[in-house]
Amino acid sequence: MTDVINGRNQNVEQLDNEYVKKQIAKYQEQHRKVVFKRRRLTLLLVITFLVFAFVGFQLFSDHQRLVKLEAIRQEALADNKVVTNNVDQLKKEVALLKDEDYVAKLARSRFYYSKDGEKVYPIAGNNQSNKQEDAKVEKAIDRTNGSSTAEE
């Protein structure tokens, strides 16, 4: 058995004294230490790799989440711009609806109201542009009526 450990041929006889036994024990102890160090180093490398893999995965997922949040932010900014433009337009429409002359003109053109003794003659060619303007005004009226009923 000691021949196999030392890697010697079976034709060579090994001395069986105290010095040889100490040397073999010393060699075996060194061999165990080397194997232990290799295993410890391998374990340390595996743990290090796992930590770096985990950190890398977290970094990648955080980056992906950041990209998604940036896209949501850009969408929210675009929506905010649209809403701001709508609010400005609605404020202008409300200001127009507070003008009595504009409301009277609107009532005459849309609902064919007239003053006493006045006759209204609708013109067919102007109907398209009036419909677009009427649709805008109707939306404004509906919005103002909706907001006034909500306040009550």
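From the N terminus on, the elements of the chain run α-α-α-α. This is a predicted model, in which local features need pLDDT of at least 70 and side-chain atom pairs count only at pLDDT 80 or more, while totals for chains, interfaces and linings use all residues. Residues are numbered from 1 along each chain as its sequence is written, and side-chain values use heavy atoms, with hydrogens and water left out.

## Exercise 1: the chain as a whole

Work out how many helices and strands the chain has, and what share of its residues is buried.

Step 1. Start with the elements: helices (H or I, at least four residues) and strands (E, at least two) are DSSP runs, numbered from the N terminus. The chain has four helices and zero strands.

Step 2. Now take burial, where buried means under 20% relative accessible area, exposed over 50%, and partly exposed in between (1.4 Å probe, protein chains only). Of the 152 residues in the chain, 7% are buried.

Step 3. Finish with contacts (heavy atoms within 4.5 Å). Among contacts in the chain with a separation of 6 or more, 44% join residues 24 or more positions apart.

## Exercise 2: helix H2

Compare the span of helix H2 with its expected span, then find its buried residues and a nonpolar surface patch.

Step 1. Expected span is 1.5 Å times one less than the number of residues in the helix. H2 covers residues 18-98, which is 81 residues, and its first and last C-alpha atoms are 117 Å apart, close to the expected 120 Å.

Step 2. Look for burial along H2: Val20, Ile24 and Glu93 are its buried residues.

Step 3. For the patch, take residues with over 30% relative accessible area and no salt bridge; like charges are joined within 9 Å, and nonpolar side chains (Val, Leu, Ile, Met, Phe, Trp, Tyr) within 5 Å. Leu43, Ile47, Val51, Phe54 and Val55 make a nonpolar surface patch of about 480 Å².

Step 4. Val55 is found in helix H2, and it counts as partly exposed because its relative accessibility is 47%.

## Exercise 3: charged pairs

Find how many salt bridges the structure holds, and describe the pairs made by Asp16, Arg65 and Glu70.

Step 1. Recall the idea: side chains of opposite charge can pair when their charged atoms come close. A salt bridge here is a side-chain nitrogen of Lys or Arg within 4 Å of a carboxyl oxygen of Asp or Glu. The structure holds four of them.

Step 2. In the pair of Asp16 and Lys21, the closest N and O atoms are 3.9 Å apart. Asp16 is exposed at 66% relative accessible area, whereas Lys21 is partly exposed at 46%.

Step 3. Arg65 pairs with Asp62, the closest N and O atoms being 2.6 Å apart. Both lie in helix H2, three residues apart, about one turn of the helix. Asp62 is partly exposed, at 34%.

Step 4. Between Glu70 and Arg73, the closest N and O atoms are 3.2 Å apart. These two are separated by about one helical turn because they are three residues apart in helix H2. Glu70 is partly exposed at 36%, as is Arg73 at 44%.

## Exercise 4: the faces of H3

Step 1. After H3 comes Tyr112, whose phi is positive, near 60 degrees.

Conventions
Areas by Shrake-Rupley, 256 points an atom, 1.4 Å probe, with all protein chains shown as cover.
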